[in-house]
Amino acid sequence: MIKKHVLGGLIAGLVGVIVLGGVFAGTVSKASELQRDFFAKIASNEVDALTQSMHPSLASQIDPAVMHELVRAIDQRLGKVESISQTEFRIEKNDAGTRVMSQATVRFEKGTATSKLVTLDGKLIQFDVTSPALANWFVVPTRTEQYEALGKKFLEQWLSGNHDVAWALFHPNLQEAISQERLAAMANVVTEKFGPLKSVTPTGTRIGDNGKAPTLMIDFTVVCEQAELAGEIEIQFGGLKGHLLGFKI
């Protein structure tokens, strides 16, 4: 197994410190609308709509499968929204655009949460929903197709000679541990012994345990010309995204 453990801490949303100037009068209703719209999408399980409401810089850091788990956790642990009380609202306009920060206390049927949303020109760039009821809400996604596809692509590209493409799929910390040259040499050992790659098929998933971050292990059957091999991919989760941080064959 080749690993680089770097993703400490459980997923807790995307948190940032926002320093905004100039509070504008008559905008509290807009802040409340921002909160209501966000939680309406969560209540309706509209993960695609939530993603579309995000700025590309935020959307690129969130896997839909992980966002689905967060939406499900809020629904199961907190239930329906009963009221939203705005506690802070700030707006700033500069050359980068209009940045809005809304913070509120959200009362649900099973508890309360603090919600902080930040938008840039109407697109969500940060969000943080915190509540004791959401402690340890994430293990691994129940929807694993995205990660199976990532693992399959890596194994296919790696064992087909496209080492640069395979290496680019690594998390940066694994790239530091394994150079493209070393990755190519490892592939050559496999193909020289077992022949050219013929197919890669995912066969199952399981929860890994490395003591550092939520981990999904994906098993594969790797068929080469002269042998059928067992492959394994390790996906670690940090923030709201899964990263390729280990493999074995």
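1. Salt bridges. Searching the whole structure turns up 7 salt bridges. The criterion is a side-chain nitrogen of Lys or Arg within 4 Å of a carboxyl oxygen of Asp or Glu. This is a predicted model, in which local features need pLDDT of at least 70, side-chain atom pairs count only at pLDDT 80 or more, and totals for chains, interfaces and linings use all residues. Residues are numbered from 1 along each chain as its sequence is written, and side-chain values use heavy atoms, with hydrogens and water left out.

2. Lys241 and Asp63. These two form a salt bridge, with 3.3 Å between the closest N and O atoms. The pair links distant parts of the chain, 178 residues apart. Lys241 sits in strand 9 (residues 241-248), while Asp63 is in the loop between helix 3 (56-59) and helix 4 (64-78). Helices (H or I, at least four residues) and strands (E, at least two) are DSSP runs, numbered from the N terminus. Asp63 is buried, at 3% relative accessible area. Lys241 is partly exposed, at 23% relative accessibility. Here buried means under 20% relative accessible area, exposed over 50%, and partly exposed in between (1.4 Å probe, protein chains only).

3. Arg72 and Glu69. Their side chains meet in a salt bridge at 2.9 Å, N to O. Both residues lie in helix 4, 3 residues apart, which is about one helical turn. Glu69 is buried, with 8% relative accessibility. Arg72 is partly exposed, with a relative accessible area of 32%.

4. Arg90 forms a salt bridge with Glu88, and the closest N and O atoms are 2.7 Å apart. Arg90 is partly exposed at 28% relative accessibility. Glu88 is partly exposed too, with a relative accessible area of 25%.

5. Aromatic pairs. The whole structure contains 11 aromatic pairs. Rings of Phe, Tyr and Trp (its six-membered ring) pair if their centres lie within 6.5 Å; planes under 30 degrees apart count as stacked, over 60 as edge-to-face and the rest as tilted. The rings of Tyr147 and Phe237 have centres 5.2 Å apart and planes at 85 degrees, so this pair is edge-to-face. Tyr147 belongs to helix 5 (residues 145-159) and Phe237 to strand 8 (residues 228-238), so the pair ties together parts 90 residues apart in sequence. Both Tyr147 and Phe237 are buried.

6. Phe154 and Trp158. Ring centres are 5.7 Å apart and planes are at 15 degrees, so the pair is stacked. Both residues lie in helix 5, 4 residues apart, about one turn of the helix. Phe154 and Trp158 are both buried. A separate point concerns four phenylalanines: ring pairs link Phe38, Phe39, Phe108 and Phe127 into a cluster.

7. Helix 8. This helix (residues 180-194) has 15 residues. Its span from first C-alpha to last is 21 Å, close to the 21 Å expected at 1.5 Å a residue. The expected span is 1.5 Å times one less than the number of residues. Which residues of helix 8 are buried? They are Leu183, Ala184, Met186, Ala187 and Val190. Seen down the axis, the buried residues of helix 8 fall within an arc of 160 degrees, so they line one face of the helix. The arc is that of the directions from the helix axis to the C-beta atoms. On the other side of helix 8, the exposed residues are Glu181, Val189, Glu192 and Lys193. Gly195 follows helix 8, with a positive phi near 90 degrees.

8. His163. This residue lies in helix 6 (residues 163-168). His163 is buried, at 15% relative accessible area. Leaving aside neighbours within four places in sequence, His163 is in contact with Gln157, Trp158, Leu183, Ala184 and Ala187. Contact means heavy atoms within 4.5 Å. Trp158 also takes part in the stacked pair with Phe154. Leu183, Ala184 and Ala187 are among the buried residues of helix 8.

9. Whole chain. The protein chain has 8 helices and 9 strands. Of its 249 residues, 43% are buried. Among contacts between residues at least 6 apart in sequence, 60% join residues at least 24 apart. The chain exposes about 12,300 Å², of which carbon and sulfur atoms supply 48%. Accessible areas come from the Shrake-Rupley method with a 1.4 Å probe; for residues, only the protein chains shown count as cover.
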